[in-house]
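Me: I'm opening this one for the first time, so could you take me through it slowly?
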Amino acid sequence: MMMNGNGYSGVEEEYIRIHHKHEPADNQCSSVLIKHIKAPVHLVWSLVRRFDQPQKYKPFVSRCVVQGNLEIGSVREVDVKSGLPATTSTERLEVLDDNEHILSIRIVGGDHRLRNYSSVVSLHPEIIEGRPATMVIESFVVDIPEGNTKDETCFFVEALIKCNLKSLADVSERLAVQDRTEPIDRM
């Protein structure tokens, strides 16, 4: 696989260019994380798209309540498990695209230090070991809190996202094994 100077393959770079355009200001940090999951896109998307049930795969979410229908502009109140420097987060659904498999949220409140946080998650089909799989790309931009550095802020948010992506992979791959997806070359 050919990698560019950023450590991404050409395919990854193209998806990032198309779906993950963040233009951080001087007081913000931004990053992109990629996870390859051994489960088909439709299965992974069935978890990611549930703006109303992030606890299905996000280990730090204990409870989530959405007012009204699940649609662009919907707001969810998320309760965060103890151990993190927050107890609640208020988040708005910005994009939910079932065709392109893109979800975007913006944090609009809560008792934490993630101000002007916005994220995009995109899912892309790929093949791993002859089976349908999913490349998940998650990017974010957020203000750097007073008293913190850019590196500290990015490291903290990336650590949370890495935990969420690992959990998403674990849950999705467990479901995929239950589905017994046949290798493509044997069909």
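Me: Which elements each supply at least two residues of the lining of the largest pocket?
Reply: In this predicted model, where local features need pLDDT of at least 70, side-chain atom pairs need 80 or more, and lining totals use all residues, the contributors are strands β3 (75-80), β4 (88-97), β5 (102-110) and β6 (118-128), together with helix α3. Residues are numbered from 1 along each chain, and side-chain values use heavy atoms, without hydrogens or water. Helices (H or I, at least four residues) and strands (E, at least two) are DSSP runs; a pocket is an open set of 1 Å grid points where a 1.4 Å probe fits, with protein on both sides within 12 Å along at least five of seven lines, and its lining has an atom within 4 Å of a point.

Me: And which one gives the largest share of that lining?
Reply: That is α3, with seven residues in a lining of 34, where L84, I107, L114, F156 and L160 lie nearest the pocket centre.

Me: New topic: how many aromatic pairs are there?
Reply: The count is one (ring centres within 6.5 Å). Y117 and F140 have ring centres 6.0 Å apart and planes at 15 degrees, so they are stacked (under 30 degrees). Because Y117 sits in the loop between β5 and β6 and F140 in strand β7, the pair ties together parts 23 residues apart in sequence.

Me: Are Y117 and F140 buried or exposed?
Reply: Both Y117 and F140 are buried (under 20% relative accessible area, 1.4 Å probe).

Me: Where is E146 found, then?
Reply: E146 is in the loop between β7 (131-143) and α3 (150-179), and it counts as exposed (over 50%) because its relative accessibility is 77%. Its C-alpha lies 9.2 Å from that of R113, although E146 and R113 are 33 residues apart in sequence.

Key: Rings of Phe, Tyr and Trp (its six-membered ring) pair if their centres lie within 6.5 Å; planes under 30 degrees apart count as stacked, over 60 as edge-to-face and the rest as tilted.
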